[in-house]
Amino acid sequence: MSLFSRSFLFLAQSMFSTLSTIGHFLNIQILLFKSNNIFSLLLWCSLIAFIATFYQKKCSKNVYLVDFACYNPFPRGICSKEMFIEQSKRVGHLKESIDFQKKILDRSGFGNKTYVPESLLENPPNICTNAARKETESVIFGAIDELLLKTKMKVEDIDILITNCSIFNPSPSLSAMVVNHYKLKHQILCYNLSGMGCSAGLIAIDLAKQLLEVHPNSYALVVSTENINSGYYLGNNRSMLVSNCLFRVGGAAILLSNISSDSHHSKYHLKHTIRTHKGSRDNCYNSVFQKEDETNKITGVSLSKDLMSTAGFALKENITTLGKFVLPLLEKFKFVSTFVVKKYFNKKMKVYTPDFKLCFEHFCIHTGGKAVLVDIQKVLGLSDFQLEPSRMTLYRYGNTSSSSIWYVLAYCEAKGRIRKGDKIWQIAFGSGFKCNTAVWCALRDVDPIKEINPWMDEISQFPVDVSI
């Protein structure tokens with residue numbers, strides 16, 4: 001019996017039981033009414049209406065992650081570091097630019113099996129709108145097809161669709177592309193997020209959560225990706241060449257639900273989403289910026305030297321807000337007490353850094369680069385084991401932008417580490433500058449043998465030593 005058939009059977013049984021109970025209750029109340037006990041009847045009817053309304057509102061605020069799927073690129077898109085450098089030479093980059101890119105790749109934490117679009121492996125690279133569209137269609141449709149296969153979901157049951165891609169935003173939009181390809185119903189609520197960087201995936205999750213809170217009994221499909229073809233930089237500006245070196249092909253599709261019966265077969269329950277935006281500060285706003293280079297002819301995405309400090313600043317603000325909801329009482333007391341002492345009594349006093357490892361079993365950190373992971377490991381005091389899923393994802397898939405946190409979670413599932421009740425913390429950074437986080441609670445054990453994800457055929461080969 002399919003997933004949705006079981007849900008329908010469970011709902012039908014619940015309705016039959018409820019109607020039987022109500023019928024029995026009404027028979028009793030009719031007898032009371034005939035006995036001139038009209039006030040008792042009105043009181044009980046009001047109580048039933050209140051309980052039903054309260055239950056409906058309470059249930060509608062629960063958001064479940066039914067399942068998710070990460071796009072598994074074709075082997076012909078594999079690009080080793082040496083292949084990448086050879087393609088850069090064919091593009092016409094100067095020798096100094098080639099040497100600079102070699103240094104970036106050597107320090108990137110990448111392996112030799114990351115993926116780029118096939119259009120960039122052509123000679124010369126085919127950089128155009130048609131190639132970019134083909135790349136995005138392959139990623140988005142590939143991820144959604146796998147998700148539909150895993151969940152047995154019918155496309156006509158999807159009520160909300162949210163797509164996000166920062167660089168490539170054609171007309172019609174990517175959400176319209178999905179509607180057309182899968183022939184989704186004309187009443188569907190569609191949203192397309194653009195220009196919001198690598199943290200847009202969690203922004204999309206937060207938007208879906210807010211929509212599900214006001215649209216009962218609905219399913220939301222979230223699709224996160226980035227386009228490498230349209231973001232490829234052909235010039236020699238070093239701050240823009242870094243993006244060429246770090247970003248790789250990837251995408252993810254996530255199915256969310258607010259239907260209470262879905263809690264029995266969903267993987268995760270969404271507990272919190274925290275969004276932090278530091279765009280009011282100029283250095284944060286300019287840390288990731290798309291513009292023309294010094295030639296005024298070639299467009300690229302510039303990464304400033306302030307990027308790491310900006311990310312740290314945004315993360316601090318975000319976890320300060322998140323701590324109010326997830327930290328144990330003792331950790332909150334330690335933080336508040338040292339903060340008060342420092343502010344009013346001893347300026348040299350160091351404010352206590354709460355131990356977030358007490359709150360979460362798994363950490364899914366955006367694979368922005370090796371330096372990003374190292375800094376976050378220091379800030380949060382994570383062990384190598386806790387950072388392993390993010391580090392291995394960076395090694396195997398590179399920086400897949402907004403979808404990277406889902407490849408990290410897929411790694412945890414493939415390793416068989418997800419147990420019922422586990423808390424998962426996803427952390428992502430993006431242009432603007434933004435730091436967004438999401439907290440999930442596992443509703444069941446995830447059996448790796450039954451899973452379908454890009455890691456399954458090679459998970460036994462990981463972790464690998466990336467210390468060099």
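Modeller: Buried means under 20% relative accessible area. Keep that cut-off in mind. This model is predicted.

Colleague: Let me try it on one residue. Is S119 buried or exposed?

Modeller: S119 has 8% relative accessibility, so S119 counts as buried.

Colleague: Where does S119 lie?

Modeller: In a loop. That loop runs between β3 (114-115) and α5 (129-151).

Colleague: What does the side chain of S119 make a polar contact with?

Modeller: The side chain of N229 is the partner, at 2.7 Å. Setting aside neighbours within four places in sequence, S119 is in contact with P125, N126, A131 and N229.

Colleague: Now Y71. Where is the place of Y71?

Modeller: Y71 is in the loop between β1 (64-70) and β2 (78-79). Apply the cut-off again. The relative accessible area of Y71 is 7%, so Y71 is buried.

Colleague: How many residues apart in sequence are Y71 and S138?

Modeller: They are 67 residues apart in sequence. In space, C-alpha to C-alpha, the separation is 9.0 Å. Their side chains make a polar contact at 3.0 Å.

Colleague: Which residues is Y71 in contact with, leaving aside its neighbours within four places in sequence?

Modeller: S138, V139, G142, A143, V249, G251, Y407 and P454. Hold on to Y407. Y407 is one of the buried residues of α14.

Colleague: What follows α14?

Modeller: G416 does, and its phi is positive, near 75°.

Colleague: Next, pairs of helices. How should I read them?

Modeller: Two packed helices are described by the angle between their axes and the distance between the axes. Take α3 (residues 81-91) and α4 (residues 95-106). Their axes come within 10 Å and cross at roughly 160°. Therefore α3 is roughly antiparallel to α4. The crossing of α3 past α4 is right-handed.

Colleague: Which residues make the contact?

Modeller: From α3 come K81, F84, I85, S88 and K89. From α4 come I98, Q101, K102 and L105. By class, the contact of α3 with α4 has 4 nonpolar, 2 polar and 3 charged residues.

Colleague: And a second pair? At what angle do α10 and α12 pack?

Modeller: Helix α10 (residues 307-326) and helix α12 (residues 370-380) pack at about 40°, and their axes are 11 Å apart. The two helices are therefore oblique to each other. Here too there is a handedness to read: α10 passes α12 in a right-handed crossing.

Colleague: Which residues of α10 and α12 make the contact?

Modeller: M308, L315 and I319 belong to α10. On the α12 side are A371, V372, D375, I376, V379 and L380. The contact of α10 with α12 divides into 8 nonpolar, no polar and 1 charged residues.

Colleague: Finally, the whole protein. How many helices and strands does the secondary structure come to?

Modeller: There are 14 helices and 13 strands. The protein has 468 residues, and 51% of them are buried.

Colleague: What about contacts along the sequence?

Modeller: Consider contacts between residues at least 6 apart in sequence. Of these, 79% join residues at least 24 apart.

Terms used: Residues are numbered from 1 along each chain as its sequence is written. This is a predicted model: local features need pLDDT of at least 70, side-chain atom pairs count only at pLDDT 80 or more; totals for chains, interfaces and linings use all residues. Side-chain values use heavy atoms; hydrogens and water are left out. Helices (H or I, at least four residues) and strands (E, at least two) are DSSP runs, numbered from the N terminus. Buried means under 20% relative accessible area, exposed over 50%, partly exposed in between (1.4 Å probe, protein chains only). A polar contact is a pair of N or O atoms within 3.5 Å; within protein, one must be able to donate a hydrogen and the other to accept it, and residues adjacent in sequence count only if both atoms are side-chain atoms. Contact means heavy atoms within 4.5 Å. Axes are lines fitted to C-alpha atoms, for helices over the stretch in contact, and angles run from 0 to 180 degrees between N-to-C directions. Angles under 35 degrees count as roughly parallel, over 145 as roughly antiparallel, 65 to 115 as roughly perpendicular and the rest as oblique. A crossing is left-handed if the near helix is turned anticlockwise from the far one by less than a right angle, and right-handed if clockwise. Ala, Val, Leu, Ile, Met, Phe, Trp, Tyr, Cys and Pro count as nonpolar, Asp, Glu, Lys and Arg as charged, and the others, Gly among them, as polar.
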